[in-house]
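Dear colleague,

Please find below the structure that I am passing on to you, together with its sequence.

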Amino acid sequence: MMELKVKWGKEILIVEVDLSSTIAALKEALKDKTGVPVEKQKLMGLKPSMNKDDATLSEAGLAAGKTIMLIGSTESAAAVPTVQAAVVDANEAGGYTASTATSNGLRNIANTCYLNSALQMLRSIPEIRETLASHRGDNVLLRQLGSLLQSLEAAKEAVVPLQLWTTLVQTNPTFGERDEHGGFMQQDAQEVLNLLLQAISAVLPPKYAHLFSGTLHQTLTCTDDTADKGKESEVPFTMLSCNITGEVQTLEAGLERAFDEHFTAPNAALQNDEAKFTRLSQLSQLPEYVFVHMVRFSWRNDIQKKAKILKPISFPIILDTSLVETEALKAAQQPQREVIRERRDRELEKRRRPRTERNEPPAQAEKAEEEKVPLTLQNESGYYELCGVISHKGRSADGGHYVYWGKKAKTWLIYDDEHVAAVSEEDVKRLRGVGEAHIAYVLLYRSRDPVTHTPVIPL
C-alpha cells in the first residue's frame with residue numbers, strides 16, 4: 001500500500017492505494033471521501049492511453065510521491081454563492097430602467113486562478129462576446145473561449161473552464177508545466193491574457209478593428225551620432241506597459257517612463273557596440289479599451305528567478321491619455337473633448353438641482369449626442385474609465401493568487417474564482433499596493449458605457 005495525493009479544488013486528499021488495483025477502485029475510494037459520483041469524476045495526471053477504469057494504477061503511471069487531480073462536483077453540492085448587481089437597459093421610451101443580473105465565477109481546477117481572472121476581464125467586454133459567439137473558424141481555442149463566455153452569461157452557478165484550459169495546455173504547453181510533485185504550476189495572468197487578445201484580434205470584424213488595438217508613433221535616435229535625426233515609425237499595440245522604477249508613484253508617471261526609453265545598442269556607422277539610443281513613443285491612435293500592464297515582475301540574477309516589485313503605485317479611476325499623445329491626435333480630439341466638457345457642466349448642474357428634478361428624461365438633442373457611436377469603434381477624446389483590475393497576492397511570480405475586480409453598471413464586484421461578492425470603489429483603489437496584499441497587475445479602461453454608449457465624463 002502507498003499514499004496517493006489527490007488535488008480536488010483547493011483540497012489535497014490522501015488516499016491509500018494498492019498499485020495493482022484498478023482506476024475504477026480508486027474512483028470508488030474517491031467517491032467515499034468526496035461524495036463525487038464515479039460517473040462525474042475526471043482524473044488528470046494519468047497516462048492518457050491508460051486512463052480507463054480497468055487499467056491498474058501502475059499501468060496508469062502512478063508511483064510513490066505522485067500527485068493527480070480530481071475534477072468533479074457532488075450532486076448535493078449547494079449552488080455557488082452569487083451576487084446581484086444593478087444593470088441598465090434601454091427601454092422603448094428611450095429612458096433607462098434598473099434591472100438585475102446574476103454574476104457568477106469560474107472554478108479553479110489546477111492552479112487556474114491566473115486563467116480565471118483573465119477570462120473574467122475578457123468577459124467584461126461585450127464586443128468580444130459578440131464576436132466569438134458567431135466565430136466558426138479553425139482556431140479551436142477561440143471556439144472554446146466563445147462557448148465558455150456564452151456559458152458564463154447563461155448559467156447562474158460557477159462554470160468549470162475544463163475544455164478551454166485543456167485546449168490552452170495542448171496548444172501552448174508552457175501553461176501545462178508541472179512542479180516537482182507533479183502538480184500544475186501557477187502561471188502569469190498577463191501572459192495568458194495577452195495570448196488570448198492576440199488570437200481575438202485576428203478575428204475581429206472591421207468595426208472593431210480598434211477595439212483594443214492602438215498605435216504608437218515612435219522616434220528612434222542614436223544620441224551618440226550627431227547626424228542621426230531620428231527614425232520615425234508607427235507601431236501597433238494591444239497592451240500598454242507601466243514601468244515601476246525609481247521615483248515612479250503613479251500610473252501616469254509609469255507610462256511616461258515607459259514611453260521615454262534610454263538604452264545601448266550596436267551602431268554600425270559609429271563602429272560602436274554600445275552606442276546610446278533613445279526611443280520616444282507617443283499615442284497616435286487610441287483603441288476603445290486600453291489594457292495597462294503594471295510591470296511588477298522582473299528577473300533577478302542573484303536568485304535566478306522573477307521577483308515581484310511591491311512598491312505602491314496609484315492609478316486613476318478616470319484616465320486622460322493626452323499627456324502621452326502626439327500633437328496631431330490632441331488636435332483631432334479637441335471637438336469631442338469640448339462636447340464632453342459641456343456634458344460634464346450639464347451633469348454638475350443637474351447634481352446641484354433638487355432631487356425631484358434629477359430624474360427628468362434628457363432632452364432629445366442630448367440623447368442623440370450621447371448615443372452617437374463612431375462606425376469604427378474607438379476612443380475619440382482621450383478619456384477612459386477604469387472598469388477592471390486583475391490583482392495578484394504574494395511575492396512570487398510562480399505562486400500567489402490572482403483575482404479579478406470588475407465594474408458592472410455602477411457596482412464593483414470581486415471574482416475570486418467561483419466566489420463573487422460586491423466591493424466598493426475604495427476597495428479597488430486600495431489595490432495600488434500595500435505589502436503582500438492584493439495589488440493591481442493589469443488594468444482595463446473603457447471609452448464609454450457598454451450599455452448606454454455614453455462617452456466617459458471626467459467629473
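This is a predicted model: local features need pLDDT of at least 70, side-chain atom pairs count only at pLDDT 80 or more; totals for chains, interfaces and linings use all residues.

A search of the whole structure finds 18 salt bridges. One of them pairs Arg123 with Glu153, with 2.7 Å between the closest N and O atoms. Because Arg123 belongs to helix H2 (residues 113–123) and Glu153 to helix H4 (residues 140–154), this pair ties together parts that are 30 residues apart in sequence. The two partners may also be described by their accessibility: Arg123 is buried, at a relative accessible area of 5%, whereas Glu153 is partly exposed, at 41%.

A second salt bridge is formed by the side chains of Glu247 and Arg257, at 2.6 Å from N to O. Glu247 is located in the loop between strand S9 (240–243) and helix H7 (251–258), and Arg257 in helix H7 itself; the two are ten residues apart. With a relative accessible area of 60%, Glu247 is exposed, while Arg257 counts as partly exposed at 30%.

Within helix H8 (residues 327–352), Glu347 and Arg351 are four residues apart, about one turn of the helix. Their side chains meet in a salt bridge with an N to O distance of 3.5 Å. Glu347 has a relative accessibility of 25% and counts as partly exposed; Arg351 is likewise partly exposed, at 46%.

With kind regards

How values were computed:
Residues are numbered from 1 along each chain as its sequence is written. Side-chain values use heavy atoms; hydrogens and water are left out. A salt bridge is a side-chain nitrogen of Lys or Arg within 4 Å of a carboxyl oxygen of Asp or Glu. Buried means under 20% relative accessible area, exposed over 50%, partly exposed in between (1.4 Å probe, protein chains only).
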